[in-house]
Amino acid sequence: DQERIVAEYQHLARKSAHSILYFVLGGLVAATIGTFEMNPWVRIAAAEGIAALYAVSDEFHQHFIGGRSAQLSDVLLDSAAALLSVLIVAAFLAMRRRRRRRREALGHG
């Protein structure tokens, strides 16, 4: 059935687009928060918290739009995509800080 196939591809495209957007959002939030001096775990939790709250607010908004619905599964998918990006950025920032400390210890600072 062609309509079913089209509907499945549209569903996959929407979920993929959301995941990509929240991956980008998570990375941008993590990079921004990474400019502040704080415990790395607090930085990760704050970045993920902001992205997850945005996902919740997005679904809440959709609840009031005709033809749309708020779904917990979308919040979880969006939050997971953001978390992946947050962790990647956190790892990158940690490696950069370690490298900088090594250079400073060697007197190349």
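1. In this predicted model, Glu 8 and Arg 4 meet through their side chains in a salt bridge, with an N to O distance of 2.7 Å. Both residues belong to helix α1, which covers residues 2-33. They are four residues apart in that helix, so about one helical turn separates them.

2. The surroundings of this first pair may be described by accessibility. Glu 8 has a relative accessibility of 42% and therefore counts as partly exposed. Arg 4, at 45%, is likewise classed as partly exposed.

3. The structure holds two salt bridges. Besides the pair in point 1, the side chains of Lys 15 and Asp 74 meet in a salt bridge at 2.1 Å, N to O. Asp 74 has a relative accessibility of 10%. Since buried means under 20%, Asp 74 counts as buried.

4. The largest pocket has a volume of about 270 Å³. It is lined by 16 residues, of which Pro 40, Arg 43, Ala 90, Ala 94 and Arg 97 are the closest to its centre.

5. Which helix gives the most to the lining of the largest pocket? Helix α3 does, with ten residues. Helix α2 (40-63) and helix α3 each supply at least two residues of this lining. By class, the lining of the largest pocket comprises twelve nonpolar and four charged residues, with no polar ones.

6. The second largest pocket has a volume of about 230 Å³. Its lining consists of 13 residues, and those closest to its centre are Arg 14, Lys 15, Gln 62, Arg 68 and Asp 74. Lys 15 and Asp 74 are the partners of the salt bridge described in point 3.

7. Helices α1, α2 and α3 are the elements that give two or more residues to the lining of the second largest pocket. The most comes from α1, with four residues. How does this lining divide by class, and how many residues are nonpolar, polar and charged? One residue is nonpolar, six are polar and six are charged.

8. In summary, the salt bridge between Lys 15 and Asp 74 involves two of the residues closest to the centre of the second largest pocket. The salt bridge between Glu 8 and Arg 4 lies within helix α1.

How values were computed
Residues numbered from 1 in each chain as written. Predicted model: local features only at pLDDT ≥ 70, side-chain atom pairs only at ≥ 80, totals over all residues. Heavy atoms only, no water. Salt bridge = Lys/Arg side-chain N within 4 Å of Asp/Glu carboxyl O. Buried < 20%, exposed > 50% of the residue type's maximum accessible area, 1.4 Å probe, protein only. 1 Å grid on protein atoms, 1.4 Å probe; cavity = no way out; pocket = protein on both sides within 12 Å on 5 of 7 lines; lining within 4 Å. Points joined across faces, edges and corners; volume = space filled by probe spheres on them. Nonpolar A, V, L, I, M, F, W, Y, C, P; charged D, E, K, R; others polar.
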